[in-house]
Amino acid sequence: MDSRFRGNDIYGVGMTNIRRERQGSLFMSYPLDVKNMFELSSIPLENMDLRKGLRSSQAGAFNCFEGWVRDHNEGKKVLALEYQAYESLCYKEAEKIFCEVNERFDVIAARCYHRQGKLAIGEMAVWVGVIAGHRDESFQACRYIIDQVKARLPIWKKTDARRRQSGTR
């Protein structure tokens, strides 16, 4: 079994066919064509081989973006974050985003992984990776994917925050 699925709590979508297997009370998805992939994960992204499958003898460039949980937001100290997603709609919209990427940019393959559940400060919340023949296409496609994921996917962020104290004691 692919090590990305060791937690029995990752759901993936590729751009074409998906084979689903029952594992206890959860279903796990195995993309058959993983040129482009979006996955929601409740296990830490740091525990996954995110670059797996992003290799090609045609690639001259690899670009990635990592989004981390920071310790502040809108003037408040952040203790943790919690992400919730409308999964089926996320996958449908992610597929549209990857189709747009293939139309706009000359990429070989792209991936995006987004966490669900509670995350601590410093944990990776989102990862995007792209390989292309040239760096400009790779940079542009990576930026496009993260911007569109943030704008269009129904993923909600709940912040566990406390107002910062002003002044010194």
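K96 is partly exposed, with a relative accessible area of 46%. Here, buried means under 20% relative accessible area, exposed means over 50%, and partly exposed lies in between (1.4 Å probe, protein chains only). This is a predicted model: local features need pLDDT of at least 70, side-chain atom pairs count only at pLDDT 80 or more, and totals for chains, interfaces and linings use all residues. Residues are numbered from 1 along each chain as its sequence is written, and side-chain values use heavy atoms, with hydrogens and water left out.

- Side chains of opposite charge can pair when their charged atoms come close.
- A salt bridge is a side-chain nitrogen of Lys or Arg within 4 Å of a carboxyl oxygen of Asp or Glu.
- The count by this rule is 5 salt bridges.
- K96 pairs with E93 in a salt bridge, at 3.6 Å from N to O.
- Both residues, K96 and E93, sit in helix α1 (residues 87-104), 3 residues apart, about one turn of the helix.
- Helices (H or I, at least four residues) and strands (E, at least two) are DSSP runs, numbered from the N terminus.
- E93 is buried, at 15% relative accessible area.
- R152 also forms a salt bridge with E93, and their closest N and O atoms are 2.7 Å apart.
- This pair links distant parts of the chain: R152 is in helix α2 (residues 135-152), E93 is in helix α1, and 59 residues separate them.
- R152 is partly exposed, at 25% relative accessibility.
- Shared partners join the salt bridges of E93, K96, E100 and R152 into one network.

**Another salt bridge**

- E123 and R115 meet through their side chains in a salt bridge, at 2.9 Å from N to O.
- E123 and R115 are both buried.

**The largest pocket**

- A pocket is an open set of points on a 1 Å grid over the protein atoms alone, where a 1.4 Å probe fits, with protein on both sides within 12 Å along at least five of seven lines.
- The largest pocket holds about 380 Å³ of space.
- Its lining has 20 residues, and L81, Y83, A125, K150 and K157 lie nearest the centre.
- Elements giving two or more residues to this lining are β5 (61-68), β6 (72-73), β7 (76-85), β10 (124-132), α2 and β11 (155-163).
- Lining residues have an atom within 4 Å of a point.
- A volume is the space filled by probe spheres set on the points, which are joined across faces, edges and corners.
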